[in-house]
Amino acid sequence: MSAESDFKYAYTLFNKAVDAEGSTRQYYLQQAKNVLENVPSSHPGRSDLLGKINSMLY
């Protein structure tokens with residue numbers, strides 16, 4: 001997958017996490033974080049999304 005498609009997929013997972021609760025939310029957040037590892041740090045919006053994920057994880 002390209003960086004853009006990985007980013008979009010991570011964002012989709014993040015949105016699923018927002019709608020979920022408990023362990024399901026944690027699962028989607030962790031999956032989104034894992035997908036973002038494939039996206040270059042210079043990608044627009046990546047650090048923003050990672051910050052949102054981290055704030056919901058911890």
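Author: Let me begin with the rings: Phe 7, Tyr 11 and Phe 14 are linked by ring pairs into a cluster. Rings of Phe, Tyr and Trp (its six-membered ring) pair if their centres lie within 6.5 Å, and planes under 30 degrees apart count as stacked, over 60 as edge-to-face and the rest as tilted. Please keep in mind that this is a predicted model, in which local features need pLDDT of at least 70 and side-chain atom pairs count only at pLDDT 80 or more, while totals for chains, interfaces and linings use all residues. Residues are numbered from 1 along each chain as its sequence is written, and side-chain values use heavy atoms, with hydrogens and water left out.

Reader: How many aromatic pairs does a search of the whole structure find?

Author: The search finds three aromatic pairs. In the one formed by Phe 7 and Tyr 11, which is tilted, the rings are 6.1 Å apart centre to centre, with 45° between the planes. These two residues are four apart in helix H1, and therefore separated by about one helical turn. An α-helix has 3.6 residues a turn, so residues three or four places apart point the same way.

Reader: And is Phe 7 buried or exposed? What about Tyr 11?

Author: Phe 7 counts as buried, at 12% relative accessibility, whereas Tyr 11 is partly exposed, with a relative accessible area of 32%. Buried here means under 20% relative accessible area, exposed means over 50%, and partly exposed is in between (1.4 Å probe, protein chains only).

Reader: Stepping back, what does the secondary structure of the chain come to?

Author: The chain has three helices and zero strands, in the pattern α-α-α when read along the sequence. Helices (H or I, at least four residues) and strands (E, at least two) are DSSP runs, numbered from the N terminus. As for burial, 31% of the 58 residues in the chain are buried.

Reader: Let's take H3, then; which of its residues are buried?

Author: The buried residues of H3 are Arg 46, Leu 49, Leu 50, Ile 53 and Leu 57. Seen down the axis of H3, they fall within an arc of 100°, so they line one face of the helix; the arc is that of the directions from the helix axis to the C-beta atoms. On the face turned away from that buried side, H3 carries the exposed residues Ser 47, Asp 48 and Ser 55.

Reader: What do the buried residues of H3 pack against?

Author: They pack against helix H1 (3-19) and helix H2 (22-36).

Reader: Which residues does Ala 32 touch?

Author: Not counting residues up to four places away in sequence, Ala 32 touches Ala 10, Leu 13, Phe 14 and Ile 53, where contact means heavy atoms within 4.5 Å. Ala 32 itself sits in helix H2 and counts as buried, at 0% relative accessibility.

Reader: One last topic: where is Gly 45 found?

Author: Gly 45 lies in the loop between H2 and H3, and it is partly exposed, with a relative accessible area of 35%. From C-alpha to C-alpha, Gly 45 and Val 35 are 14 Å apart in space, while in sequence they are 10 residues apart.
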